[in-house]
Structure formats: structure tokens, C-alpha cells
Amino acid sequence: MEEQATRSDLVGSLERGLGVMEILAAHPAGLTMSEVADRASLTRAGARRFLLTLVAAGYARQDGRIFRLSPRLITLGRTWLSGASLWTYAEPFLREVSQALNESCSAAVLADEDVVYVARIAGARIVGVALHVGTRLPAFCTSMGRVILSGLSETDLAAFLARARITAKTDRTVTDPAELARLIAKARTDGYAIVDQELEIGLRSIAVPIRDRTGAIVAAINVSTQSARMPLSEMEREFLPLLKTAANSIEDFFVVQ
């Protein structure tokens, strides 16, 4: 028989601390102590204790007056994601895409300034970048990153671009924040993003979003290929329909949860 918890069984401080983490997770650009206190319905002194505890434990970092979650939380999340039923459920759909196109198909989530691969089916054809579950790549110059970033509000996106380490990976990498904002807005309008040799010369990828039941973008899936064997126009024509079908199938998982 499943044991039913009563309020007396619960640790109130842990519950409130987890609430603070959820608030920080919803604001990747970070919040001040007063803003956290207001959103968590805490006193400023109470918010201070929770925030400094998270900083001391390594799950948050403080930059002046701003607090935000730290990459250490990703390690915890990655452990969960490696066995999460969503990505176990998603893999057959990624495999179908990979086998149909004979290319690699992957899924990733946003982790601070990077995307983290949470599922990957390698294609028979070789690409230059060695990728696997747990790999981190800069969000700003990857197709999955731009698709996920397209789900941010204008304020959160501006904050992301202001703090992200935007450096050229190739001579094709877009590094101008205004142009990046335009490309991310285009991904929002189009419902997909293509990145052409910005991460590595010769590597192209196309990505579509994965949305939860509320419509929020929570992840992305992509197909990557060599530029020499796939023109951009053919990527849209051949890859995009298969990716969208796979994304719709994966999103069905959220409906039945």
C-alpha cells in the first residue's frame, strides 16, 4: 500500500528551498534577493538564507546582486535525464529519422549558455564533431540551441545574449547579438532553425522544438549532416517533415503524463 504523507511528515524548509530553485530555473538571467523573496512569498531574510545555502552547496552562483542556478545542477539533471522515461520513449522516433536519412539524430535541452545532449542516435555517415549524451555545445551557434532560445521572452533572450560567451567557432559563426536575436526570432516564426557551418566547417544541422502540454519549448531535436552531401534547400525539403513528425510523436508523451 502506498504511504500517504501528511503535512506533519513534510520538511517545510526543503519545500520552500525547492521552490526557490524553481523560481531561479524560470529566470535564467538571474534575480536579485528581493525579487526572489517577492516571487517565493518569503521575507528578504528568508530568501537570503535559501540563496546563500544554494550558493554554498554549489547549486547557485552569485554575481553581485544577482543569483542564478549554477552548472552543478546540470550534473544532477543529467543523471536523471539519462534514465528519464521521456528520452527512453523518444529514442525510437529519433532512430526512425536517423535510419530514414542515414544521418545522426539528437535531442538536447538548454543548460545555462549551452545545450546538453540527452539522446542521440548516430548515423552511419561520419560527421566531424564527436557527440554523445552529456555533450555540451554553445546554444548560440547550434540549431537546437537557437530553437530552444526562440521560446524565451524578449527580456530573457536579451539577458542571455548579454551574458553568453559569444565567440567565433568558424569564419561563418554569427557573433553579432543583434543578428543572433534576428535569427532566433526567425526560428520562432519558422518553427525550425538551420545552422550552416557555424560550429564546424562542413557541418550543417536543422532542428525543431519539443513542446510540453502548455506549449512551452522544453527541448529540441535535430539532424546533422555534411554540407558537401546536403544542400540547404534539400535539408528543408527532406529533413524537416521527418523531424516534425518525430517531434509531434515525442510531444504526445506530455499529453498522457
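Before the tour, two notes on the model. This is a predicted model, in which local features need pLDDT of at least 70 and side-chain atom pairs count only at pLDDT 80 or more, while totals for chains, interfaces and linings use all residues. Residues are numbered from 1 along each chain as its sequence is written, and side-chain values use heavy atoms, with hydrogens and water left out.

**Stop 1**

Select Cys105. Its relative accessible area is 0%, so Cys105 is buried. Now select Cys141. This cysteine is buried too, at 1% relative accessible area. Buried means under 20% relative accessible area, exposed means over 50%, and partly exposed lies in between (1.4 Å probe, protein chains only). The areas come from the Shrake-Rupley method with a 1.4 Å probe; for residues, only the protein chains shown count as cover.

**Stop 1: the positive patch**

Select Arg16, Arg44, Arg48, Arg49 and Arg65. Together they form a patch of positive charge on the surface. Patches are made of residues with over 30% relative accessible area and no salt bridge; like charges are joined within 9 Å, and nonpolar side chains (Val, Leu, Ile, Met, Phe, Trp, Tyr) within 5 Å. Lys and Arg count as positive and Asp and Glu as negative, with His and the chain ends not counted. Each charge is placed at NZ of Lys, CZ of Arg, CG of Asp or CD of Glu.

Color helix H3, residues 44–57. H3 gives the most to the patch, with three residues. Arg44 is found in this helix. Helices (H or I, at least four residues) and strands (E, at least two) are DSSP runs, numbered from the N terminus.

**Stop 2: a nonpolar patch**

Go to Val11, Leu14 and Leu18. They make a nonpolar surface patch of about 280 Å². Leu18 sits in helix H1, residues 12–25. At 43% relative accessibility, Leu18 is partly exposed.

**Stop 3: the salt bridges**

Side chains of opposite charge can pair when their charged atoms come close. A salt bridge is a side-chain nitrogen of Lys or Arg within 4 Å of a carboxyl oxygen of Asp or Glu. The count by this rule is 13 salt bridges.

Select Arg61 and Asp112. Their closest N and O atoms are 3.4 Å apart, in a salt bridge. The pair links distant parts of the chain, 51 residues apart: Arg61 is in strand E2 (residues 60–63), and Asp112 is in the loop between strand E4 (104–111) and strand E5 (114–121). Arg61 is partly exposed, at 27% relative accessibility.

Next, pick Asp63 and Arg68. This salt bridge has its closest N and O atoms 2.5 Å apart. Is Arg68 buried or exposed? Buried, at 11% relative accessibility. Asp63 is partly exposed, at 38%.

Now show Arg61, Asp63, Arg68, Asp112 and Arg163 at once. A network of salt bridges links them.

Move to Glu103 and Arg229. Their side chains meet in a salt bridge at 3.0 Å, N to O. This pair also links distant parts of the chain, 126 residues apart: Glu103 is in the loop between helix H5 (85–101) and E4, and Arg229 is in the loop between strand E9 (217–226) and helix H9 (232–255). Glu103 is buried at 1% relative accessibility, whereas Arg229 is partly exposed at 29%.

**Stop 4: Val195**

Finish at Val195, in strand E7 (residues 193–196). Val195 is buried, with a relative accessible area of 3%.
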